[in-house]
Amino acid sequence: MQTRHDNQVEEPQFDLTPMIDVVMLLIVFFMLTAQFAQSLLGPIDLPKEAGDSAGSRDSMVTIDLLANGDLKLDSEPMPRDRLLQLISLDLRRAGGSADLEVIVRADRAAPAAHLNALAGELATLGVRHWKLATTGGQQ
Amino acid sequence: MNFRPRRLRVTRIPRLPLVALIDVVLFLLMYFMLATDFSGEASALASTLKAESRPGGSMSASASLVSQIVSVEPGSQPGTEWVYRLGDRRIQSRTELVQVLKSLPKESGLVVKVAPTVPVAAAAAALQAAKDAGFSKVSYVPSRS
C-alpha cells in the first residue's frame with residue numbers, strides 16, 4: 001500500500017553550516033596567528049627609509065634599541081650583559097656570524113651613541129653583519 | 001472515473017540559511033576588529049639596511065679609503081638636525097649626498113661614521129643614501145667621539 005507520504009521525494013540536502021563554521025574558524029585562526037606573530041615585536045618608531053625587503057633566515061635575532069638606550073632581545077627586556085651573552089650563545093649555535101642574522105630595531109629618535117655602543121659590542125662578539133630595521137617611506 | 005487521490009504538490013517555503021550567514025558575519029567582524037588593532041605593526045620589519053660593524057671604531061682603513069668615509073655630524077645651522085661630511089666637503093641634504101656618492105668608485109665600499117649626538121634616523125639616512133648610490137658594501141663604524 002502506498003501512502004501519500006511515501007510519494008514526497010525528499011531532495012538530498014548537504015548541510016553546509018558546520019563546514020562553513022570550521023573553514024571560517026581555520027581562516028580566522030591562521031590570519032590571527034600571523035598577525036600576533038608580528039605583533040610580538042613591540043612598537044618602535046623605526047627610521048623611515050625604503051631599505052631592502054626583509055629576508056628571513058632560520059637563525060635570526062632581533063634587538064630592540066629604545067630611545068632611552070634600553071635593550072630588548074626578541075622583545076624581551078634584558079640587561080646589556082645578558083643580551084650580549086645570549087647573542088654570543090646564538091652565534092656559537094649558528095656556527096658563525098655569517099649564519100646568524102642580527103636585526104637591530106632602533107628608535108629613530110634615539111641618540112646614535114646607543115647604536116654605536118651596540119654596534120661596537122656586536123663587533124667585539126664577532127658579529128660582522130647586522131641590519132638596521134626600517135619602515136617603508138622616506139621621512 | 002479516477003478515484004485515486006490527486007498527488008498533492010508539496011509547496012516548500014524557501015528558507016534562507018541564516019545560521020551560516022550569521023556565523024560568517026560574526027567571524028568577519030571578529031577578524032576585522034582584531035586585525036585593525038595590530039595592522040600598524042604589520043610593516044615594521046618590511047625593510048632593512050645592511051651594515052657591517054668594525055671593531056673599536058679605529059680607522060685602520062688604507063689611505064685610499066679615506067675619501068670613502070661619510071661622517072654624519074650634528075648640524076650647525078638651526079633647522080638642520082644633521083649634516084653629512086665626505087672628506088672636507090659638508091653636504092646638507094641627502095639628495096646631494098646620493099649624487100656625490102654616485103661618482104665614487106664602488107669596489108672599496110663605503111664607511112659610515114655617525115656622531116653619538118645625532119639621532120639614529122641620521123644613521124639610517126646615511127646608510128640608505130649609500131644604498132641608493134649603488135654601494136653594496138657599507139661598513140658602519142661605531143664612533144665614540
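Which helix of chain A is A:Asn116 found in? It's helix H4, residues 112-125. The views below come from a predicted model, where local features need pLDDT of at least 70 and side-chain atom pairs count only at pLDDT 80 or more, while totals for chains, interfaces and linings use all residues. Residues are numbered from 1 along each chain as its sequence is written, chains are lettered from A and ligands numbered from 1 in the order in which they are written, and side-chain values use heavy atoms, with hydrogens and water left out.

**View 1. A:Asn116 in helix H4 of chain A.** Here A:Asn116 is buried, at 3% relative accessibility. (Buried is under 20% relative accessible area, exposed is over 50% and partly exposed sits in between, using a 1.4 Å probe and protein chains only.) Setting aside neighbours within four places in sequence, A:Asn116 is in contact with B:Val114, B:Ala115, B:Pro116, B:Tyr140, B:Pro142 and B:Ser143. A contact is a pair of heavy atoms within 4.5 Å.

**View 2. A:Met24 in helix H2 of chain A.** This helix spans residues 17-39. Helices (H or I, at least four residues) and strands (E, at least two) are DSSP runs, numbered from the N terminus. A:Met24 has a relative accessible area of 14%, so it counts as buried. Not counting residues up to four places away in sequence, A:Met24 touches B:Val24, B:Phe27 and B:Leu28.

**View 3. Helix H2 of chain B and its buried residues.** Look along residues 94-102 and you'll find B:Arg94, B:Leu97, B:Val98, B:Val100 and B:Leu101 buried. Seen down the axis of H2(B), these residues fall within an arc of 165°, so they line one face of the helix. (The arc is that of the directions from the helix axis to the C-beta atoms.) An α-helix has 3.6 residues a turn, so residues three or four places apart point the same way. The buried residues of H2(B) pack against strands S2 (69-74), S3 (82-86), S4 (89-91) and S5 (110-114), plus helix H3 (120-132), of chain B.

**View 4. Chain A, with its four helices and six strands.** Along the sequence, the pattern goes α-α-β-β-β-β-α-β-α-β. Of the 139 residues in chain A, 39% are buried. Confidence is lowest in helix H1 (residues 4-7), at a mean of 54, and highest in strand S3 (residues 71-73), at 91.

How values were computed
pLDDT is the predictor's confidence in each residue, from 0 to 100.
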